[in-house]
Amino acid sequence: MRAPLSWLREYVDLPAGESGRDVATKLIAAGLEVETVERLGDGLQGPLVVGEVLTVEELTEFKKPIRYCQVDVGAANGTGEPQNIICGASNFAVGDKIVAVLPGATLPGGFRISARKTYGRVSEGMICSAAELGMGDDHDGIIVLPPEYEPGTDAIALLELVDEVLDIAVTPDRGYCLSLRGIARETAIAYGLPLRDPALLDVPAPNSSGPPVQIADRHGCDRFTARAVTGLRPEARSPLWLQRRLQKAGMRPISLTVDVTNYVMLELGQPLHAYDRARIEGAIGVRRAVPGEKLTTLDGAVRPLDIEDLVITDDRGPIGLAGVMGGANTEIADAATGAAASTEVVIESAHFDAVSVARTARRHKLSSEASRRFERGVDPQAAAAAAQRTVDLLVLLAGGTAEQGVTEIATPSGPRTVRIAVDHPDRVAGVAYGRETVVRRLQQVGCDVYGQDELTVTVPSWRPDLRDPNDLAEEVIRLEGYENLPSTLPRPPAGRGLTGRQRLHRRVGRALAGAGYVEALNYPFIGAPVLDQLLLPADDPARRTVELANPLSDEEPLLRTMLLPGLLAALRRNEGRGSQDSHGGLALFETGLVFRPTGEETEAVRLPVGARPSDADLAALDAALPAQPRHVAVVLSGAREQAGWWGGERAGDWADAVEAARTVAGEAGTELSVSAAAYGPWHPGRCARLSAGGQTLGHAGELHPRVVKALGLPARTCAMELDLDALERAGAGAVTAPRVSGYPVATQDVALIVPESVPAAEVEAALRAGAGELLESLRLFDVFTGEQVGEGRKSLAYALRFRAEDRTLRADEASAARDSAVASAAERTGAVLRGGNG
């Protein structure tokens with residue numbers, strides 16, 4: 001809503017020096033969102049005057065029409081002589097009144113005017129268009145003024161070119177601020193000044209001689225006022241002040257009758273519609289549309305109507321969409337269009353159901369100034385005043401005669417009352433306002449307040465958003481100033497903190513970030529094709545998905561069952577934008593929920609809205625939800641270690657993905673078992689199964705080339721995904737700090753030859769089992785294949801670290817532990833000590 005400051009001053013006596021920014025500051029403090037304050041005419045300096053065109057000489061020797069004009073500017077040029085001006089517009093003639101800017105003036109934007117030679121003549125100024133004066137975007141022609149203004153009249157004051165306009169983003173709960181009346185009320189409250197309410201008019205009582213109206217749907221239209229004005233002058237045009245106010249408010253002047261209805265809508269917030277009386281057949285009606293009906297609206301579109309559309313009708317059928325847009329068959333005619341101008345009009349000022357209007361506007365994709373107001377709530381008591389204001393302006397500006405007949409059909413309804421404890425705003429805000437402040441602020445809003453400890457508040461008709469005590473408390477708090485609320489930290493109950501699941505989630509994030517991975521949060525939505533691209537088997541549990549009833553995108557209607565689809569898309573997006581080139585490689589991670597339906601979900605219950613749901617209701621709702629385990633996943637491509645003076649770069653590979661899984665497991669206090677596998681998106685020869693306690697928790701390795709190609713990923717992309725909740729259950733609880741021994745370590749190296757089919761993890765497990773309690777750590781540091789070990793065999797070299805907590809180990813103790821470990825490996829895996837006799 002655009003509110004010119006000059007218009008606002010008509011209703012509130014603001015201090016003389018108060019600027020638009022000052023008013024905006026006050027309104028922002030009161031809770032309104034003032035987006036900008038536009039300074040119209042900023043930098044404009046005269047002389048800018050009314051001129052009368054005396055002669056026009058057409059210069060035909062140029063490619064475009066050029067006119068050499070003599071313009072009478074009165075005494076504005078200091079001589080009284082005509083001013084010679086070159087102009088390229090052709091929408092004016094001799095005798096027309098125009099706006100002339102003379103040498104020495106400055107137009108908006110810092111454009112200085114001086115006498116200069118152009119097109120072979122000296123031009124002593126310029127004839128202005130609306131765009132050049134900041135009045136709009138119309139460059140098609142210059143401004144032609146009404147004939148009653150004298151040459152030399154100051155055009156800056158005449159056209160109200162200098163002003164400030166507040167552009168306010170009105171929230172849905174403050175529909176009353178879509179009018180100067182509502183904004184003026186907020187301004188008056190903010191400054192503590194009285195308000196001159198433009199809706200306080202003397203309105204004649206309804207009678208039976210007004211235009212006939214029949215309302216079939218009293219729910220959709222609970223109030224309808226109709227007035228008629230006759231004898232309108234066909235040549236009547238909107239005066240400049242009216243046109244300028246509409247332009248400043250962001251509307252385009254059209255014709256006098258339409259401009260008046262728009263003006264009153266901006267002033268009072270009540271949308272109106274004017275019908276050409278000669279084009280109405282029979283009584284005006286309000287009803288729902290019937291199947292098969294169509295309506296041609298004012299924008300020229302033919303619209304098939306829905307049975308839920310509320311329509312305005314006459315004996316022929318629909319003539320308008322109620323609260324949205326009128327029909328073309330009763331449009332007001334204007335003499336400027338070449339048609340016979342309307343001399344008799346019927347004014348409609350009605351109150352329509354907000355939900356009905358909103359649904360109709362969305363159904364037809366037709367948002368209008370009227371529908372915006374009805375959707376947010378219009379004051380039903382303002383309908384009669386708006387009709388009267390429209391009639392008064394048409395009589396004044398078009399010489400019309402108001403008929404004595406007044407039609408008003410209203411559904412009886414009493415004012416809304418709300419009971420509120422006098423200290424309720426105090427308890428909400430944590431500030432002791434007191435009864436006097438509460439009552440005063442509610443009265444400023446327009447409420448009638450009665451009572452002592454418990455107040456009975458009668459809500460004004462223009463505030464449909466005030467429905468319960470909290471709404472009233474909000475009014476008191478915002479008018480007292482949000483900035484005056486104290487900063488009070490909540491007191492959490494003792495004994496509560498992060499759960500073990502939450503602590504693990506944070507530890508895993510910190511560990512992966514420390515390992516060089518960057519967190520990437522993705523939307524939890526996927527499309528079915530990506531599951532095919534990941535080569536998941538047809539019976540894979542990850543293919544059982546939950547479909548959204550109202551997805552954000554038709555291409556991604558499912559909830560994710562894995563983190564990899566979103567994470568791989570993020571990797572592809574960043575790689576395509578050159579991130580890999582600038583950073584040497586990409587390494588991303590994500591922790592988040594996945595959604596795995598079990599088939600045991602019950603049907604969701606509809607929770608009550610009038611009270612807190614019971615524990616049984618919440619339990620039933622939880623039973624309807626799919627399982628939502630938390631997963632962790634990483635993806636990496638490109639160089640894992642960059643090249644430098646220390647050496648060449650190292651590309652990330654499957655081992656880095658496995659190491660990321662070990663890092664995560666370490667934070668959960670779990671030792672992962674790693675074994676070769678073939679699953680879904682991973683390369684069958686470079687895929688590791690990650691398990692603990694005999695349960696598979698996830699996979700890691702290099703992605704399958706077909707997956708890389710299908711998803712457009714960099715070559716040799718690697719990934720890992722783990723079930724973090726299952727990992728937590730398999731863990732040993734809180735991770736304890738390692739104990740540092742004061743005794744030296746004894747290191748023993750062994751090289752074992754095993755068949756190539758034996759996983760290194762099995763050999764490692766056998767060594768650990770046989771080494772006993774003295775074993776501190778075990779590390780595989782070399783894998784060798786070749787003629788020396790035989791075909792189909794491999795050599796695994798391990799470093800075993802032994803240490804005792806209470807003494808220094810003897811050499812024979814360390815050797816005995818090593819021999820026991822080798823014996824265990826030989827027994828379990830058939831390993832042979834390299835260089836031995838086995």
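This is a predicted model: local features need pLDDT of at least 70, side-chain atom pairs count only at pLDDT 80 or more; totals for chains, interfaces and linings use all residues.
**Exercise 1.** At roughly what angle do the axes of helix α2 and helix α4 cross?

Residues are numbered from 1 along each chain as its sequence is written, and side-chain values use heavy atoms, with hydrogens and water left out.

*Solution.* 
- Locate the helices: α2 is residues 20–29 and α4 is residues 180–191. Helices are DSSP runs (H or I, at least four residues), as strands are (E, at least two), numbered from the N terminus.
- Read the crossing: the axes come within 9 Å and cross at roughly 85°. Axes are lines fitted to C-alpha atoms, for helices over the stretch in contact, and angles run from 0 to 180 degrees between N-to-C directions.
- Classify: α2 and α4 are therefore roughly perpendicular (65 to 115 degrees; under 35 is roughly parallel, over 145 roughly antiparallel, the rest oblique).
- List the contact (heavy atoms within 4.5 Å): α2 gives Asp22, Val23, Lys26 and Leu27, while α4 gives Ile183, Glu186, Thr187, Ala190 and Tyr191.
- Sort by class: five of these residues are nonpolar, one is polar and three are charged. Here Ala, Val, Leu, Ile, Met, Phe, Trp, Tyr, Cys and Pro count as nonpolar, Asp, Glu, Lys and Arg as charged, and the others, Gly among them, as polar.

**Exercise 2.** Is threonine 187 buried or exposed, and which residues does threonine 187 touch?

*Solution.* 
- Threonine 187 lies in helix α4.
- At 0% relative accessibility, threonine 187 counts as buried (under 20% relative accessible area; exposed is over 50%, partly exposed in between, with a 1.4 Å probe and protein chains only).
- Not counting residues up to four places away in sequence, threonine 187 touches Leu8, Leu14, Val23 and Leu27.

**Exercise 3.** Which residues of the largest nonpolar core touch the most other members?

*Solution.* 
- A nonpolar core is a set of buried Ala, Val, Leu, Ile, Met, Phe, Trp, Tyr and Cys residues joined through side-chain atoms within 4.5 Å.
- The largest core has 53 residues, and those touching the most other members are Val23, Leu27, Leu166, Ile168, Ile183, Val260 and Val264.
- Take leucine 166: its contacts, not counting residues up to four places away in sequence, include Val23, Ala24 and Leu27.

**Exercise 4.** Where does UniProt place the B5 domain, and at what angle do α11 and α12 pack?

*Solution.* 
- The unreviewed UniProt entry lists residues 413–487 for the B5 domain.
- Over residues 413–487 the chain is 39% helix and 17% strand, with the end C-alpha atoms 43 Å apart.
- Helix α11 (residues 435–445) and helix α12 (residues 469–480) pack at about 95°, with axes 9 Å apart.
- That makes α11 roughly perpendicular to α12.
- Their contact involves residues including Val438 and Leu442 of α11, and Leu472 and Val476 of α12.
- By class, the contact of α11 with α12 has six nonpolar, two polar and four charged residues.

**Exercise 5.** In which helix does alanine 825 lie, and how many Å separate the C-alpha atoms of alanine 825 and threonine 118?

*Solution.* 
- Alanine 825 lies in helix α22 (residues 811–829).
- Its relative accessibility is 0%, so alanine 825 counts as buried.
- Leaving aside neighbours within four places in sequence, alanine 825 is in contact with Leu752, Ala766, Leu767, Gly830 and Ala831.
- The C-alpha atoms of alanine 825 and threonine 118 are separated by 102 Å, and the two residues are 707 residues apart along the chain.

Methods:
UniProt positions are given in the numbering used here, feature names are shortened, and annotations may be inferred rather than shown by experiment.
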